[in-house]
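Look at the fold below. Follow the chain with your eye before reading on. Then let us go through it piece by piece.

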Amino acid sequence: MTPAKNLLTYSYYPGCSLHASAKEYDESTRGLFKALGIGLKEVPDWLCCGATPAHNVDELLSLSLCAKNLSLADGVEGDLAVACAACFSRLKVTQHHLADSDAKRKQVEYAIDGKVSFDKPVKHLLEILAKDFGLDKLAATVQKPLSGLKVACYYGCLLTRPPEVPQLDCVEAPTIMERVVGAAGADTVAWSHRLECCGANFTLSRPGVVLKLSGEILASAKAAGADCLMVACPLCHGNLDIRQKEIEEATGNRFGMPVFYMTQLLALAVGVAPGKLGFDSMIVNPLPLLREKNLL
């Protein structure tokens, strides 16, 4: 396919997971945005955002890591595009806390030896697609509609919470994921666990908690008639995909439910070659489902 001419350009913070365990999220994001004519310029020398561990252990460290990334992004053209829900949350929380507290801001500026930037908007990919690019334009670019694919959109904990910070969509009843994948022709299911926690980083310290919580999410999606889950968080993806077989063994339930990153499905719909979307990295093989739906 011929890439569209860039109409929008963003600075891009991939974060650690997208350069490691979630490479397919990064690859499909770049492929999707290239196909849509949206430019991405990776922030040079970016650092880990600290994720959950840093802000649990040392607030100053957590705020300083994100403030440094915001400072680095300030030198790159465009609003800051973020794919990972955890990175998005930490960057937005940092902006919120430091704008609200002169004392914390001064501490952080001393720690990073520079000024904290608040001017550059931090935007999740969903916001860019739904609001900046637009759902009508997204629908118009679809070459392979996701017709007949029943998708359970999983938000998890961080995309809309805490309510005063992300401002991505309605906190308790968001629809932005459904609207975005719906523009690509997918059918979305109504289900009970789309905002529930998957267990997050308890996957290492208390795996039993993750098996229980993620098992309930998978059971809810299956009961609603979903063919697959769609996520925007590498940690959620790991718990629901990598641990799915373990969950099946622990519960006696058979799910066999592929867990896609949102950009994998959208990129497939706009004509990006399946071989460039990292489907071979998924533990639950998505290819039989995609063939069944005539999407390959």
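Helix H6 (residues 125–141) lies across strands E1, E2, E3 and E4. H6 runs at about 90° to E4. Helices (H or I, at least four residues) and strands (E, at least two) are DSSP runs, numbered from the N terminus. Angles run from 0 to 180 degrees between N-to-C directions, and axes are lines fitted to C-alpha atoms, for helices over the stretch in contact. Contact means heavy atoms within 4.5 Å.

This is a predicted model: local features need pLDDT of at least 70, side-chain atom pairs count only at pLDDT 80 or more, and totals for chains, interfaces and linings use all residues. Residues are numbered from 1 along each chain as its sequence is written, and side-chain values use heavy atoms, leaving out hydrogens and water.

Now the sheet. Its 4 strands form an open sheet with parallel pairing, in the order E2-E1-E3-E4. Two strands pair if DSSP finds at least two bridges between them. The edge strands, E2 (38–42) and E4 (122–124), each pair on one side only. From one strand to the next, the twist averages 40°.

Which residue stands opposite Lys-123 in E4? Ala-81 does. Strand E3 (residues 80–82) pairs with E4 in the parallel sense over 3 bridges.

Over residues 151–241, the chain is 41% helix and 10% strand. The end C-alpha atoms of this stretch are 15 Å apart.
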